[in-house]
Amino acid sequence: MSEYPDFLNPAIARIDPNYGKYISCDEGWWHLVMLCDRELAAVDPDYTVFQIKEKFGGLRYYYAPSNPDNSEKMNGIISKYERMCAMTCEKTGKHGYLMKKDLRYKTLHESFLDEGWAKVNP
């Protein structure tokens with residue numbers, strides 16, 4: 001049984017097996033990852049994913065198009081979802097802010113301020 005909801009199966013199926021079949025972000029972004037994958041697949045149904053993860057509070061979507069001519073359009077789609085994730089709590093899917101706790105960065109809802117997270121450049 002997968003730890004992910006079924007709607008993520010198409011994105012997970014595209015991940016190169018040498019990179020591990022997982023998505024390294026919390027469930028608040030899963031819906032956005034699914035939408036990003038759908039848009040990318042509409043441009044290039046045979047594209048390959050290497051990693052989908054959170055890094056420094058932002059979405060990182062590493063991929064390779066099956067046709068290099070699709071790169072510019074696909075990069076634009078990914079940029080759109082990176083911006084959306086930058087405003088979406090990775091844990092809850094609600095509105096989020098870039099926050100820091102110790103040396104870790106995440107995009108979180110302001111309710112996480114009670115857990116020791118602090119907004120970066122509030």
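This is a predicted model: local features need pLDDT of at least 70, side-chain atom pairs count only at pLDDT 80 or more; totals for chains, interfaces and linings use all residues.
Residues are numbered from 1 along each chain as its sequence is written, and side-chain values use heavy atoms, with hydrogens and water left out.

**The whole protein**

Let's start with the parts list: there are three helices and five strands. Both come from DSSP runs numbered from the N terminus, with helices being H or I of at least four residues and strands being E of at least two.

How much of the protein is buried? Of its 122 residues, 38% count as buried, meaning under 20% relative accessible area with a 1.4 Å probe, protein chains only. As for charges, there are 16 positive and 18 negative side chains, and the centres of the two sets lie 4 Å apart. Here Lys and Arg count as positive and Asp and Glu as negative, with His and the chain ends not counted. Each charge is placed at NZ of Lys, CZ of Arg, CG of Asp or CD of Glu.

Now zoom in on three strands that form an open, antiparallel sheet in the order 4-3-5. Two strands pair if DSSP finds at least two bridges between them. Strand 4 (104-108) and strand 5 (118-119) are at the edges with a single partner strand each, so one side of each is left without a neighbour in the sheet.

Here is how the pairings look:

| Strand pair | Bridges | A facing pair |
|---|---|---|
| Strand 3 and strand 4 | five | lysine 101 and arginine 104 |
| Strand 3 and strand 5 | two | lysine 100 and alanine 118 |

Strand 3 covers residues 97-101. What do strand 3 and strand 4 form together? They make a hairpin with two residues between them, and aspartate 102 in the turn has a positive phi of about 55°.

Notes: Buried means under 20% relative accessible area, exposed over 50%, partly exposed in between (1.4 Å probe, protein chains only).
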